[in-house]
Amino acid sequence: MEIRTRDIKVEDLIKGAEYLGCGASKEAYLKDGIVYKVPRGRFLIQQGGFNCNLHWPSKMEEVDEFLEEVDAYEPALVWPLGQFATELVVWNAIQDLRAKGTEVNCFAEIKDYYFDKNGIIVIEQEYTDGELGWDNDTEHLWDEMKEEIKKIEPIFITEYGISLREVRDGNCGSVHGKLKEFDFALSTTTQLDDYGSYSDFEEESYDEYNSCEGSY
């Protein structure tokens, strides 16, 4: 996958932004209607300077090799960079499906992705309004989304080797009254499940660089 580099630092991108929280792999910041996703432990990329040497996957079959490559440089970043890579592979599959005429509207749009000047991967995504629970007020939104996924998932599986296994309330929000998934990094099974999460390493030696609130 070809990913361009922008002459800007993550710190400048998120300056003045609202911190939305973090999950197992990403920190998220909201600014001017755009969510900026950056990897947890990004200081390790900046210090190590190795990210320009990685071969980012273009399809799902290349993800496991990418994970092994990251592991050789910095084991703590396998989980964060692995999830970024998978999310971009899924997004590119969505774009390919759309180009072939298949309607796919249940994923929050990725507006852009790139490396900052220090080699840190950044994803810009449309903002989804909050996390929706499974209740009577939103039942029709879930039904609509599940119906769309039911139609497209067989195509994802046969053409791209992608199974949408992380469609759940904690990964979804609304955009103009439509439910969309904003985190599809774990959409399929890869060897990432066999690696320790970033939090395992953070507890050992990286906690001074990372404090995490929220559940994005």
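Between which two strands does the loop with Asp-32 lie? Asp-32 sits in the loop between strand S2 (26-31) and strand S3 (34-39). The model is predicted: local features need pLDDT of at least 70, side-chain atom pairs count only at pLDDT 80 or more, and totals for chains, interfaces and linings use all residues. Residues are numbered from 1 along each chain as its sequence is written, and side-chain values use heavy atoms, with hydrogens and water left out.

**Confidence**

- The protein has a mean pLDDT (the predictor's confidence in each residue, from 0 to 100) of 83, and 85% of its residues reach 70 or more.
- Confidence is highest in strand S4 (residues 110-115), at a mean of 96, and lowest in helix H6 (residues 198-206), at 65.
- The pLDDT is below 50 over residues 207-216, a stretch that has 29 contacts (heavy atoms within 4.5 Å) in the model beyond near neighbours in sequence.

**Overall build**

- The protein has six helices and seven strands; these are DSSP runs numbered from the N terminus, with helices being H or I of at least four residues and strands E of at least two.
- From the N terminus on, the order of elements is α-β-β-β-α-α-α-β-β-α-β-β-α.
- Of the 216 residues, 53% are buried, where buried means under 20% relative accessible area, exposed over 50%, and partly exposed in between (1.4 Å probe, protein chains only).
- Of the contacts between residues at least 6 apart in sequence, 67% join residues at least 24 apart.

**Helices H4 and H5**

- Helix H4 (residues 78-99) and helix H5 (residues 139-160) pack at an angle of about 105°, with their axes 11 Å apart.
- The axes are lines fitted to C-alpha atoms, for helices over the stretch in contact, and angles run from 0 to 180 degrees between N-to-C directions.
- H4 and H5 are therefore roughly perpendicular to each other, a term for angles of 65 to 115 degrees; angles under 35 count as roughly parallel, over 145 as roughly antiparallel and the rest as oblique.
- Ala-93, Ile-94, Asp-96 and Leu-97 in H4 meet Ile-155, Phe-156, Glu-159 and Tyr-160 in H5.

- Asp-32 is not a glycine, yet has a positive phi of about 55°.
- Asp-32 counts as exposed, at 76% relative accessibility.
- Pro-57 lies in the loop between helix H2 (42-48) and helix H3 (63-73) and is buried, with a relative accessible area of 1%.
- Leaving out residues up to four places away in sequence, Pro-57 touches Met-1, Glu-62, Val-63, Phe-66, Ala-85 and Val-89.
- Pro-57 and Leu-88 are 31 residues apart in sequence, and their C-alpha atoms are 8.8 Å apart in space.
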